[in-house]
Amino acid sequence: MAGMFPVDVGPQYEGEAIRKADFYVEFGGPDVKSKFELVTLKTMNEVEHEKIEVVGPDIPELTEGGSYPLGILIDVAGSEIEKEMEPVFERRIHLYANYIEGFWHMAQRNDIWMRLHKNSYKKGLNSLKEIGKILIFLYTSEIPIIEKISTTFITDEKKVEEFLPKALEVYKARDERLKGIREEDVEEFYSCSLCQSFAPTHICIATPERVANCGAINWFDGRAAYKLDPEGPVQEVKKGECLDPIRGEYSGCNELAVVKSLRSYDRVYLHSAFEHPHTSCGCFQAICFYIPEADAFGIVHRDFVGNTVMDVPFSTMAGQTSGGRQVEGSLGIALEYLRSPKFLQADGGLYRVVWMPKEIKERYKEATPQDLYDKIATEEDVTNADELVDFLKRVGHPWVKGEVELPV
Ligand code: SF4
Ligand SMILES: [Zn+2]
């Protein structure tokens with residue numbers, strides 16, 4: 001694709017990371033509050049094909065080395081596109097943006113984080129419009145049912161903030177479709193290998209009761225993705241025989257794990273952090289981590305600034321968790337998994353959780369049993385594991401009191 005764009009484009013750039021010292025500007029990430037990406041299906045009349053708009057300052061107007069808000073809106077139209085394909089197209093932003101030489105994309109939805117390398121800026125990738133052109137080229141060449149597509153990049157902070165609640169509504173509605181559907185009710189799960197460029201042995205499994213790690217592929221999205229592109233990164237997995245209903249071990253997932261992990265592991269527990277936990281690539285929304293002092297778990301999300309109760313920040317933990325290995329007691333998860341009735345059910349579920357950032361605790365309040373809510377510590381209650389243990393004893397956390405029975 002040389003010549004068409006200021007920089008090269010292709011899958012060979014996918015695994016490429018951009019260090020802090022090397023980026024010209026970054027969008028989103030932990031230092032930026034307002035950010036999101038959203039794909040919307042519109043009617044043919046509503047989309048002006050190949051229109052690219054930048055609302056707010058474009059790259060040359062930004063200060064080198066800075067971190068900026070960004071909202072990416074992609075509108076698509078096509079007679080064969082179904083509403084339930086929106087999240088599938090949206091996840092392709094991650095894939096296609098990483099095809100761009102000197103451009104890096106991480107995470108999804110309202111967690112996105114992007115960096116532009118200084119060298120690519122110098123080569124002429126100096127406008128969001130150029131990035132839009134490449135994205136549109138990739139979408140239309142890889143997904144033929146897209147008949148019309150347009151892109152808007154919002155960098156004006158106020159406008160990103162204004163639009164963000166609308167995006168959050170859409171994400172919420174997508175997540176809520178799954179309510180009440182159980183693993184027992186379906187024969188197929190869906191696997192995603194989109195992140196193998198960063199973590200070659202990683203494979204995500206989405207079930208009706210387990211959203212994939214990034215939070216952007218739930219069971220419905222998996223189904224839609226597979227229907228859209230049966231040869232693509234999302235595959236149907238016949239769940240096979242349920243070998244362990246508590247830990248969530250299925251013969252179909254084990255068989256898939258052997259092949260997709262290049263034989264680096266051969267068993268997967270979907271609902272336990274021990275023995276054969278699900279692997280983690282790099283774009284999980286949160287980490288569920290074991291706290292030996294309490295023999296229990298903490299949860300930390302990507303945007304949490306500062307140290308966790310383990311005295312290290314999210315970034316340090318992410319390094320230990322990611323890479324596509326099975327790491328006992330260190331699990332990359334989607335936050336929505338906290339709402340699943342099967343959330344770490346083999347290990348005690350939410351009742352085994354003793355620490356989380358206040359923001360997450362509040363966001364998932366209605367998913368947390370009432371007798372537990374006040375007993376989960378946050379960064380405002382404790383700053384290290386010793387204080388945590390004292391706190392848990394003082395408030396009488398049910399796990400510490402020995403009131404929680406593990407299922408057998
Ligand atoms: S985190 Fe998992 S589901 Fe999400 S894109 Fe990566 S491999 Fe796919
Ligand atoms: Zn990933």
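Tutor: Helix α1 (residues 86–99) lies across β6 and β7, at about 160° to β6. Axes are lines fitted to C-alpha atoms, for helices over the stretch in contact, with angles from 0 to 180 degrees between N-to-C directions. Helices (H or I, at least four residues) and strands (E, at least two) are DSSP runs, numbered from the N terminus. This is a predicted model, in which local features need pLDDT of at least 70 and side-chain atom pairs pLDDT 80 or more, while totals for chains, interfaces and linings use all residues. Residues are numbered from 1 along each chain as its sequence is written, and chains are lettered from A and ligands numbered from 1 in the order written.

Student: How many residues of α1 are buried?

Tutor: The count is 13 of 14, so α1 is largely enclosed by the rest of the structure. Buried means that 20 or more other C-beta atoms, placed from the backbone, lie within 10 Å of the residue's own.

Student: And the sheet: what is its strand order?

Tutor: The order is β4-β1-β7-β6, in an open sheet of four strands with mixed pairing. Strands pair if DSSP finds at least two bridges between them. At the edges are β4 (67–68) and β6 (103–106), each pairing on one side only.

Student: Which way do β1 and β7 run?

Tutor: They run antiparallel, joined by five bridges. Phe 27 has Met 114 in β7 as its bridge partner.

Note on methods
Two residues are in contact if their C-beta atoms, placed from the backbone, lie within 7 Å. A residue is buried if 20 or more other C-beta atoms lie within 10 Å of its own, exposed if 12 or fewer, and partly exposed in between; C-beta atoms are placed from the backbone.
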